[in-house]
Amino acid sequence: MKTKENIQEFEELVLLAILKLGTGAYGAAIHEQLEEAGRNVAIGALYTTLSRLEKKGYISSWMGEATAERGGRAKKFFKVEASGETLLATARNYRRYLSPDPGYAMEGGAA
Amino acid sequence: MFELIKNLTRVEILTLMGAIISAISSGFSLHILISAWRARRIKFRGQAQPKENLEPKIHSPAATAELILHLLLKDDEAEAVGGDLQERYSKKVERFGNRRAYIWLWSQVLRSIWPLVKRFFTAGGFLAAAEFIRRLLS
């Protein structure tokens, strides 16, 4: 259960939001998703985290096409890479292993 | 210009940055005051006009807000963040009205400054400061 990298809570939430959004994961959608989940974060802080995750190789990004509703500006799309998914799975395993709640631990064992 | 910045001492750079931050803060205050005054005028005139004439279909976020973020973001990020703010701002206007959307926009920009400044300077130190001043002057 050893891993070289640690993941911060907010980084984990961002990775999960990208996974949930799938192919439609771009800045505004991720920001909205986090807001709906109760995490009211500044868009600058979100992009700082996204850039850090990209630098570490957990996500990749590409620019989409410009749209009129965005004033002719392009969307920046994000995708979780295999290393990001592994990191999420590791974080989940730690939680399951250390959780005092037997239900949570069993749920982890079954998965 | 770059040579001049390179020759400055640490104290001089910090003083210069202090002056720039003060100037930006004064600009903010003036911009907010003017916007509040404009909003009051529109609201006052709006009482006699139908609502659809008051709200344009495309809602543009404040140019000053975007400019501030543009100074601290990489070029591709600046485009994406500008678009994201525009998109979310338009949705907020439709859902909550101009006033709340405007407050939301500025809260986003002001709360974004610290994380972006931190990233900007941790990444490049004093060279980043010089780059910031260059962008400000260009």
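## How confident is the model?

Chain B has an average pLDDT of 74, and 64% of its residues score at least 70; pLDDT is the predictor's confidence in each residue, from 0 to 100. This is a predicted model, so local features need pLDDT of at least 70 and side-chain atom pairs count only at pLDDT 80 or more, while totals for chains, interfaces and linings use all residues. Residues are numbered from 1 along each chain as its sequence is written, and chains are lettered from A and ligands numbered from 1 in the order in which they are written.

The model scores ipTM 0.80 and pTM 0.68.

## Two chains, two layouts

Let's start with chain A, which has five helices and two strands, in the order α-α-α-β-β-α-α along the sequence. Helices (H or I, at least four residues) and strands (E, at least two) are DSSP runs, numbered from the N terminus. Chain B has six helices and zero strands.

How much of each chain is buried? For chain A it's 28% of the 111 residues, and for chain B 22% of the 138 residues. A residue is buried if 20 or more other C-beta atoms lie within 10 Å of its own, exposed if 12 or fewer, and partly exposed in between, with C-beta atoms placed from the backbone. If you take the contacts with a separation of 6 or more, residues 24 or more positions apart account for 45% of them in chain A and 63% in chain B.

Helix H1(A) covers residues 9–21, and at 1.5 Å a residue its 13 residues should span 18 Å; its end C-alpha atoms are 19 Å apart, which agrees. (The expected span is 1.5 Å times one less than the number of residues.) Its buried residues are Glu11(A), Val14(A), Leu15(A), Ala17(A) and Ile18(A). They sit on the same side of H1(A), because they cover an arc of only 160° around the axis, where the arc is that of the directions from the helix axis to the C-beta atoms. Among the elements covering them are helix H2 (27–36) and helix H3 (43–56) of chain A. Just after H1(A) comes Gly22(A), with a positive phi of about 65°.

In H2(A), the buried residues are Gly27(A), Ala28(A), Ala29(A), Ile30(A) and His31(A). They pack against H1, H3 and E2 of chain A, together with H5 of chain B.

## The hairpin in chain A

E1(A) and E2(A) run antiparallel and are joined by seven bridges; strands pair if DSSP finds at least two bridges between them. They form a hairpin with five residues between them, and Gly71(A) in the turn has a positive phi of about 65°. Trp62(A) stands opposite Phe77(A) in E2(A).

## Where the chains meet

Which residues touch across the two chains? 22 residues of chain B are in contact with 18 residues of chain A. On chain B's side, helix H5 (75–96) and helix H6 (98–137) each supply at least two residues. The largest share, 13 residues, comes from H5(B).

Methods
Contact = placed C-beta atoms within 7 Å.
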